[in-house]
Amino acid sequence: QVQLVESGGGLVQAGGSLRVSCAASGSFFSINNMGWYRQAPGKQRELVAAITSGGSTNYVDSVKGRFTISRDNAKNTVYLQMNSLKPEDTAVYYCNAWVKITIIRKESTYWGQGTQVTVSS
């Protein structure tokens, strides 16, 4: 099976920076799109940033210019560098990956357990 393990969350003051990481492990053929979602208390989970296997990226408008998503395909790891953090960025951040277990199977989506990011004002 595939496991996604996140790390790097924590508490930071407004204007500060954090980097969260997500490493995929297990037995699989390939990882296609990867992304970061977040869910604040009382709100729906939203896509923050996504990156294709080729490196194309997209971001939700509220983080453009502040967050950068990247990946290291050799390490099966995706990163989210978060700069100029605001209190409204406070949420649990979840890693997501679309994975082909074998060459003939369709992609399946996997989720990490989530990492808390708290931005104090």
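A few questions and answers follow. Heads up: this is a predicted model, where local features need pLDDT of at least 70 and side-chain atom pairs count only at pLDDT 80 or more, while totals for chains, interfaces and linings use all residues. Residues are numbered from 1 along each chain as its sequence is written, and side-chain values use heavy atoms, with hydrogens and water left out.

Me: How many helices and strands does the protein chain have?
Reply: We go by DSSP runs, numbered from the N terminus: helices are H or I with at least four residues, strands are E with at least two. From the N terminus on, the elements run β-β-β-β-β-β-β-β-β-β-β. The count comes to zero helices and eleven strands.

Me: What radius of gyration does the protein chain have, next to that of a compact globule?
Reply: The radius is taken over C-alpha atoms, and the globule rule is 2.2 Å times the number of residues to the power 0.38. With 121 residues, that rule gives a value near 14 Å, so the chain agrees with it, at 14 Å.

Me: What percentage of the residues in the protein chain is buried?
Reply: Buried means under 20% relative accessible area (1.4 Å probe, protein chains only). Out of 121 residues, the buried share is 41%.

Me: Among contacts between residues at least 6 apart in sequence, what percentage joins residues at least 24 apart?
Reply: A contact means heavy atoms within 4.5 Å. For the protein chain, the share is 55%.

Me: What are the spans of the C-alpha trace along its principal axes?
Reply: Picture the trace of the protein chain laid along those axes. The spans are about 50 × 25 × 25 Å.

Technical notes
Buried < 20%, exposed > 50% of the residue type's maximum accessible area, 1.4 Å probe, protein only.
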